[in-house]
Amino acid sequence: MSSSLARIPPGVQYIFDAEVKLRRRIERTVMSVFEGWSYSEIILPIFDYADLFALGMGKEQAEMTYRFTGQDGKLLALRPEMTSLVARTVATRFRQRKPPIRLSYSGEVFRWNEPRNGRQYEFHQIGLEHIGSQRLEADTEVLVVAVEVLREVGLKDFTITLGHVGFFNGIVERLSLDENQRREMRELIDRKENDQLDNFLKPFTDAATRTSFCRLTTLVGKREVIQEARALVSNSTSSSAVDDLENVYKIAEEIGIDGHIDIDLGDAAGLDYYTGLTFKIFAAGLGSALGRGGRYDQLLSNFGVPAPAVGFSICLDWLAGLLASKADGKLIPDPRERTMLEAGSDLVATFRQASKLRAAGKAVEIT
Amino acid sequence: MTAMPELTIAIAKGRLQDDALNLFRRVGISIADESLVSRKLLVIDSSGLFSFLLVKPADVPVYVEYGVADLGVCGRDVLMESSADVHEPLDLGFGRCRLVVAGKPDVTALGYDPVVTARVATKYPRVAADYFQRRGVPVEIIMLSGSVELASVLGLAGCIVDLVETGRTLQDNGLVVIDTIAWSTARLIVNRASYHLKRAAVAGIINSLRAVITQRDPETIVA
């Protein structure tokens with residue numbers, strides 16, 4: 001009995017004491033930054049129709065959900081992400097609102113996906129969506145908010161890599177690849193497997209193109225990357241992607257956040273979903289991206305209301321893990337002083353005194 | 001206190017270890033012989049800039065994915081099995097071998113029956129299951145940690161999925177290759193965050209290793 005009671009299903013966690021305080025404080029800090037940029041919080045249901053997530057994230061992602069049948073016999077799923085829910089809300093309930101619509105969220109998501117790197121089946125996402133603007137200032141805003149969030153929570157050593165799917169698409173359009181080939185190529189680029197990529201491309205293009213293509217996928221760095229990219233591509237889709245990157249980067253330089261930003265032209269991970277600028281957040285001490293974001297102009301039309309959108313999210317579990325390991329993090333909660341009160345025999349007196357102390361903002365503990 | 005090492009490199013012990021350390025030596029990163037013979041698991045190179053972890057091959061992608069090591073050297077076979085989320089920027093060329101399905105000659109002649117469950121013994125459960133499932137063959141995986149050939153010889157499994165370098169062990173035990181699943185060579189893998197956060201140091205190593213590899217006589221790379 002006692003051993004089965006102690007058993008916890010794999011992939012979930014109980015969190016208590018200092019860790020809870022840290023997480024709540026991070027959450028408050030992040031949400032107040034979002035509020036400061038006029039994002040209003042939306043509270044979303046824990047589960048919704050399974051179809052909805054397939055519509056939003058594609059069948060493959062939707063297969064990673066926890067599904068069950070509702071009383072009406074319809075298939076439901078625990079939310080594997082928030083963006084589909086936000087998009088559906090905007091498409092159905094916010095049609096009259098004047099764009100851009102700025103929304104933020106914070107909550108647990110559930111994915112039946114092999115736990116990796118300390119992430120469980122259940123994890124906490126905090127993020128925002130900027131919907132209804134296709135202008136570059138929306139992308140820039142989201143990037144700038146992300147930097148502010150990371151600075152506010154006390155993270156110092158972090159890099160945001162900035163990419164653009166258009167850059168890649170412009171080159172791929174000229175190769176005649178079917179869907180499977182595109183996926184294979186994207187995986188090779190994502191893993192930076194250059195030798196394999198070169199091999200893969202042999203049937204499709206000449207050696208000179210292959211060499212410059214492989215060079216492009218490893219182009220990472222500051223402003224110099226933009227120059228080099230311009231020298232290597234000439235098609236209009238790629239060129240306008242480079243223009244976007246340059247314009248955003250220029251603003252980042254002017255407002256002094258470019259130290260945290262790298263341009264990464266080899267970021268091909270979210271190519272099915274994202275349609276423009278993309279970014280990933282990396283922090284020292286964490287093996288994979290802490291958060292990611294980008295432009296997804298296609299998604300809203302899946303819900304019947306075409307609208308451009310850009311957003312990002314971070315994983316609270318990872319952020320909390322990082323900050324807990326850094327003693328200098330400014331979010332480490334300071335232990336509050338508390339007054340100990342003995343319950344004694346006169347409970348009225350005890351609680352009267354306790355209430356007085358509470359009214360004065362003091363912490364009490366009745367022993 | 002001396003300066004902290006800039007990068008941590010995980011090396012697969014065993015088959016690939018000597019070639020891997022030689023390769024690093026050729027780009028000027030070397031560890032003293034006495035450190036190697038000692039039982040230390042973490043050794044610093046002579047410049048003090050790099051620390052090496054010598055770990056079991058299957059653990060290399062784990063250390064790298066979690067960012068405990070920034071770089072790693074292990075076989076493609078190990079990477080396929082682990083499906084670790086890492087960058088894989090360089091084929092180092094050495095340690096060439098292949099992952100095969102093998103069995104007794106009579107099994108080979110019969111091929112797989114798509115309605116009969118194939119019993120497969122292997123150290124590569126994920127790769128093996130994927131191979132058979134893709135072909136629509138129901139599969140039962142028997143996970144072993146060594147001498148996999150024996151499973152086929154003694155009839156524990158109809159066939160095996162294993163790594164083959166020269167084919168000698170198979171031959172000596174009367175087994176033949178049924179199909180090649182994939183070729184494998186040693187790969188350099190890089191943690192996704194280190195790739196960006198330690199960009200200069202990581203790119204420096206990748207470039208100098210690439211330069212050394214491409215110098216090599218091409219016959220040692222192309223089979």
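The largest nonpolar core has 98 residues. A nonpolar core is a set of buried Ala, Val, Leu, Ile, Met, Phe, Trp, Tyr and Cys residues joined through side-chain atoms within 4.5 Å. Buried means under 20% relative accessible area, exposed means over 50%, and partly exposed lies in between (1.4 Å probe, protein chains only). This is a predicted model: local features need pLDDT of at least 70, side-chain atom pairs count only at pLDDT 80 or more, and totals for chains, interfaces and linings use all residues. Residues are numbered from 1 along each chain as its sequence is written, chains are lettered from A and ligands numbered from 1 in the order in which they are written, and side-chain values use heavy atoms, with hydrogens and water left out.

**Cores**

- The residues with the most contacts inside the largest core are A:Phe34, A:Leu155, A:Ile160, A:Met185 and A:Leu290.
- Helix H6 (residues 136-152) of chain A gives this core its largest share, 9 residues. Helices (H or I, at least four residues) and strands (E, at least two) are DSSP runs, numbered from the N terminus.
- A:Leu155 touches A:Leu150, A:Ala283, A:Leu290, A:Leu319, A:Leu322, A:Leu323 and A:Lys326, leaving aside residues up to four places away in sequence. Contact here means heavy atoms within 4.5 Å.
- A second, separate core has 30 residues, including B:Leu21 and B:Leu209.
- In soluble globular proteins, nonpolar side chains tend to be buried together.

**Chain A and its helix H14**

- Chain A has 15 helices and 14 strands.
- Of its 367 residues, 50% are buried.
- Its C-alpha trace spans about 90 × 55 × 50 Å along the principal axes.
- Helix H14 (residues 316-324) of chain A has 7 of its 9 residues buried, so it is largely enclosed by the rest of the structure.
- Among the buried residues of H14(A) are A:Trp318, A:Leu319, A:Leu322 and A:Leu323.
- The buried residues of H14(A) pack against helix H2 (18-36), strand E6 (122-131), strand E10 (277-283) and strand E12 (309-315) of chain A.

**Where chains A and B meet**

- Chain B gives 24 residues to the contact and chain A gives 27 residues.
- The two chains bury about 2,100 Å² between them, 40% of it on carbon and sulfur atoms. Buried area is the accessible area (1.4 Å probe) that two parts lose on being put together, summed over both.
- B:His196, B:Leu197 and B:Arg199 supply 29% of the area that chain B buries against chain A, more than any other three residues.
- There are 4 salt bridges between chain B and chain A. A salt bridge is a side-chain nitrogen of Lys or Arg within 4 Å of a carboxyl oxygen of Asp or Glu.
- A:Asp262 forms a salt bridge with B:Arg199, and their closest N and O atoms are 3.0 Å apart.
- On the side of chain B that touches chain A, two or more residues each come from helix H4 (76-82), strand E5 (87-91), helix H9 (192-197) and helix H10 (199-215) of chain B.

**Backbone points**

- The peptide bond from A:Pro99 to A:Pro100 is cis, with omega near 0 degrees. A:Pro100 lies in the loop between helix H5 (83-93) and strand E5 (101-110) of chain A.
- A:Lys192 is not a glycine, yet has a positive phi of about 55 degrees. A:Lys192 is buried, with a relative accessible area of 1%.
- B:Ser83 also has a positive phi, near 45 degrees. B:Ser83 sits in the loop between H4 and E5 of chain B and is partly exposed, at 34% relative accessibility.
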